[in-house]
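Subject: Structure handover

Hello,

My notes on what turned up follow below it.

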Amino acid sequence: VRLSLLYWNDQVNDDPAVLLAAPKLSEYCRKCWPSNCYWLSCWSEKKSLEEWRAYNYPHPTAVYWSLYRIGRHWAPSWLQRSTWQWYLRQAQRTALAMWYETAPPLSDVVGVQEEGHRSAEPHTSLPPRKRTIFRRNQFEEYAIGEHAGKGKDTSQWGLMVASIFQLVLSDLKLEGWTKEANELETVMLARVKHWRSLPFPFGSEFPWDSTGHEEIYTWMQYF
């Protein structure tokens, strides 16, 4: 899920209609664009397309799940573009993507290393595997494999609105979608195991942030 549908670029910068639609944003961005803009205030299109932040995934999941419910339980169906089955499947896939597809931000990438991997067979080695090196801050670096997800970075924390994942799981079971339910439940159990290892598991992205409390409590009660 991309970070935002709102971004600034050269076309927007030159469009007089934007000043009327978003005067405060226009005033700020036109002063700094294209070289000196603070990314939290004036995102570039490239920045808006990043998919690393796990916090972007619960809200689209909630939309897909809501459309599933409307299509499944309202007659005649209000759905026009897709079936209720499609929306439920998308809700499950989006929830899984929060775990498997998220990674540290692209702006933190330091470089790529290659490391050789030996197989169990003597005198046989596998092709080098790339490891991407990310910097969390100026004092610390850590390396991850080709796939950045599975609980690294933001997907390890509780997320705002993410109790929706439990509602999706419940409906997958009600519909008899055992495979999809098991996939989602396995991921959520892995997150719960991490939270149980913490002295105080109810944190979130920042130390003062309690938005993860809702989801963490939901899954702690479930498991």
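T61 touches A91, T94, A95, I164, F165 and V168, leaving aside neighbours within four places in sequence. Contact here means heavy atoms within 4.5 Å. T61 sits in helix α5. T61 counts as buried because its relative accessible area is 0%. The cut-offs are under 20% relative accessible area for buried, over 50% for exposed, and partly exposed in between, with a 1.4 Å probe and protein chains only.

Some ground rules. This is a predicted model, in which local features need pLDDT of at least 70 and side-chain atom pairs count only at pLDDT 80 or more, while totals for chains, interfaces and linings use all residues. Residues are numbered from 1 along each chain as its sequence is written, and side-chain values use heavy atoms, with hydrogens and water left out.

Overall layout

The protein has 9 helices and 3 strands. Along the sequence they run α-α-α-α-α-α-β-β-β-α-α-α. Both kinds of element are DSSP runs, numbered from the N terminus: helices are H or I with at least four residues, strands are E with at least two. There are 223 residues, and 38% of them are buried. Of the contacts with a separation of 6 or more, 63% join residues 24 or more positions apart.

Cores

In soluble globular proteins, nonpolar side chains tend to be buried together. The largest nonpolar core here has 32 residues. By nonpolar core I mean a set of buried Ala, Val, Leu, Ile, Met, Phe, Trp, Tyr and Cys residues joined through side-chain atoms within 4.5 Å. M98, F165 and L184 have the most contacts inside this core. The elements giving two or more residues to it are α5 (58-73), α6 (84-100), α7, α8 and α9 (213-222). Helix α6 gives the most, with 9 residues.

M98 itself is in contact with A54, Y57, S155, L159, F165, M188 and R191, again leaving aside neighbours within four places in sequence. Another core lies apart from the largest one. This other core has 6 residues, including C29, C32, W33 and C42.

The α7/α8 pair

How do the axes of α7 and α8 cross, and within what distance do they come? They cross at roughly 150° and come within 9 Å. Axes are lines fitted to C-alpha atoms, for helices over the stretch in contact, with angles from 0 to 180 degrees between N-to-C directions. The crossing is left-handed: the near helix is turned anticlockwise from the far one by less than a right angle. From α7, F165, V168, L169, L172 and K173 meet E180, A181, L184, E185, M188 and R191 of α8.

E175 lies in the loop between α7 (164-174) and α8 (178-196). Is E175 buried or exposed? E175 counts as buried because its relative accessibility is 18%. Its side chain makes polar contacts with the side chains of Y68, at 2.7 Å, and R72, at 2.8 Å. A polar contact is a pair of N or O atoms within 3.5 Å; within protein, one must be able to donate a hydrogen and the other to accept it, and residues adjacent in sequence count only if both atoms are side-chain atoms. Not counting residues up to four places away in sequence, E175 touches Y68, R72, W84 and L88.

Best wishes
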